[in-house]
Amino acid sequence: MFFIPRNVSPQDKLQAVIEYLTGKGSQESIAKKYDVNHKSLSAWINNYKAFGETAFNRTGRNKNYSLEFKNTVVQSYLSGEGSFEEL
C-alpha cells in the first residue's frame, strides 16, 4: 500500500499538533483524522517544538537553521528519539 501525501494547510497542521499535545488523541488517531501519515504528524510536532507556531508559515524559501537547532536535532537522533526523516 502506498501513501500519497496531500497538502495540509498551516492552520490544520497547527490544529493537529495542538490536539495531540493537549491529549485529545494519539498520533495515529489524529493523523487519520487529518488524512496524513503518522510520520508527517510526528514531523509537525517536532517542528512545532523547535519553532513554535511559526514552524508552519510558508515562506517559499529554504530554511536556515541555527547551530543550536542543528545540535538539538543531532542529539535527538543519536539518543533514538526519531529517524533521520522524522527529525
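This is a short walk through one protein chain, from its overall layout to a few of its residues.

Before anything else, please keep in mind that what we are looking at is a predicted model, and that residues are numbered from 1 along the chain.

Let me begin with the overall layout. The secondary structure of this chain comes to four helices and zero strands, so that, reading from the N terminus on, the order of elements is simply α-α-α-α. Of the 87 residues in the chain, 24% count as buried.

Now let me turn to the charged side chains, where the count comes to one salt bridge. That salt bridge is formed by the side chains of lysine 33 and glutamate 19, with a distance of 3.1 Å from N to O. The two partners are 14 residues apart and link distant parts of the chain, since lysine 33 belongs to helix H2, residues 27-33, while glutamate 19 belongs to helix H1, residues 10-21. In general, side chains of opposite charge can pair when their charged atoms come close.

Next, I would like to look at a loop, the one between helix H3, residues 38-51, and helix H4, which is where alanine 55 lies. Alanine 55 has a relative accessibility of 10%, and therefore counts as buried. Along the chain, alanine 55 and proline 10 are 45 residues apart, and in the model their C-alpha atoms are separated by 8.7 Å.

Finally, let us move to the segment after helix H4, which spans residues 67-78, because that segment is where we find phenylalanine 84. Phenylalanine 84 has a relative accessible area of 67%, so this residue is exposed. Together with Val74, Tyr77 and Leu78, Phe84 makes a nonpolar surface patch of about 480 Å².

To close, the points I would keep are the four helices, the salt bridge between lysine 33 and glutamate 19, and the nonpolar surface patch that includes Phe84.

How values were computed
This is a predicted model: local features need pLDDT of at least 70, side-chain atom pairs count only at pLDDT 80 or more; totals for chains, interfaces and linings use all residues. Side-chain values use heavy atoms; hydrogens and water are left out. Patches are made of residues with over 30% relative accessible area and no salt bridge: like charges are joined within 9 Å, nonpolar side chains (Val, Leu, Ile, Met, Phe, Trp, Tyr) within 5 Å. Accessible areas come from the Shrake-Rupley method with a 1.4 Å probe; for residues, only the protein chains shown count as cover. Helices (H or I, at least four residues) and strands (E, at least two) are DSSP runs, numbered from the N terminus. Buried means under 20% relative accessible area, exposed over 50%, partly exposed in between (1.4 Å probe, protein chains only).
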